[in-house]
Amino acid sequence: LLYFVLLNVQTRPEGTLLDNFERTIIDDSRLAGRPAEIFFGKMFKMEVWETLLGSMRVGEVAEFWCDAIHTGLYPIVSKGMRLIAQGKDPLEGQRHMCGMGNMFHYHSTGFPELDELMRTPQPLIFIMELLQVGDPMSYQRESWMMEKDEKLQTVPIFHMQGNLLVKQRQYREAASKYKEAVLLLKTVQSREMPGDIDYNNLGRMIIPLELNYCQCMLELEEYYEAIEHTTELLEKHKGNNCVKGYYKRAKAHAAVWNEKEARRDFNMVAHLDITLASLIGRELKALSESMKEKYWEEKEKYWNKLEKKKNNNTEEEIHDKDEEEEEEGDNGKQEDSESVTTESEDEVGEEKDKAASPPILCAEVCLPLTLNLSQCMLELKQHQQVVELNNKLLKKHKGIIC
């Protein structure tokens, strides 16, 4: 007599294939690099998998053919497993309704091959390997497998672990803990009605965790990641006067030379909290100094490029002049033997000489360098030098739209 108790079964559904001549592969878990874990007796969506695994031994690899009556929910299961393999929340983006309701609401799983299976359910072939059977309490459960209370109890643990890792300057590991805590709260929040008290309270719990994550990104110098997360946070919580969010985004913008955006966010911080005015004053002064250094560096870079280009052009002109003098000497020796040159030949020669000189090509190279140099000088308030430089530029390239 066989019977099942509540067990944690670690399995690898190595492949899901269509029942056609080509045996088209739909999923291959070996590419994800992690096995799936199934709880017996927990009403797993793919109930047939419990039946299949119950016939296997640990270490066994088996292939099963399943009729369409058992595979109708496979697209939903596959989508969730794909998102989990990517480190994402399988419920991310869903509305307050059941999984099947979300499929009908959005008309897509986000994966074309799964959408086709949703439209036309069909028999599938599963190749499975049973890796391990263990006690359900012997491992750390995934967030999507926890009950609501269990998730809420785990959040402060992750928060505390993240704080300890920050003190040890292990910012990457700390960011991972904060992200796991945010994922738990978002999963719980997705089950609440938007606008309800519980929904809003969960949103407020997410804010400090997101800010801590962004601080870790600043420490790791992943500034664009910090900008993306703070922007998303500020858009979701506009009415909460999230001073720290604006401050962290300003620091990230300043680090990647977004001066306008950094000044805007720093000024917003001073506007929302007057007690931080002195701090913001120092930050703005430091931003001005760093931008000034950047413009000096860029001015030097563009100036050196222009000088190098001018030197190259001068060397080419001298070389061309020497070649012309040599050609004129050779032509002088042959003048006695050549009596007539037609007017048309002279015109062709003039056109060749014009084609040999590349004023437009020079302009294409020099113009952007000179204009970039002028912009740096404007930022450094060297207005007179900008006027002189651009006067020379316009005189030199009269025939080119500048």
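How many aromatic pairs does the count come to?

1. The count comes to four aromatic pairs, where rings of Phe, Tyr and Trp (its six-membered ring) pair if their centres lie within 6.5 Å, and planes under 30 degrees apart count as stacked, over 60 as edge-to-face and the rest as tilted. One of the pairs is Trp49 with Phe126, which is edge-to-face at 5.6 Å centre to centre, with 85° between the planes.

2. The model is predicted: local features need pLDDT of at least 70, side-chain atom pairs count only at pLDDT 80 or more, and totals for chains, interfaces and linings use all residues. Residues are numbered from 1 along each chain as its sequence is written, and side-chain values use heavy atoms, with hydrogens and water left out.

3. Because Trp49 lies in helix 2 (residues 47-54) and Phe126 in strand 5 (residues 124-134), their pair ties together parts that are 77 residues apart in sequence. Helices (H or I, at least four residues) and strands (E, at least two) are DSSP runs, numbered from the N terminus.

4. Trp49 is buried at 1% relative accessibility, and Phe126 is buried with a relative accessible area of 1%. Buried means under 20% relative accessible area, exposed over 50%, and partly exposed in between (1.4 Å probe, protein chains only). Trp49 and Phe126 form one aromatic cluster with Tyr74.

5. Tyr247 and Phe266 have ring centres 6.1 Å apart and planes at 65°, so this pair is edge-to-face. Tyr247 belongs to helix 10 (residues 243-255) and Phe266 to helix 11 (residues 259-272), so the pair ties together parts 19 residues apart in sequence. Tyr247 is partly exposed at 22% relative accessibility, whereas Phe266 is buried at 1%.
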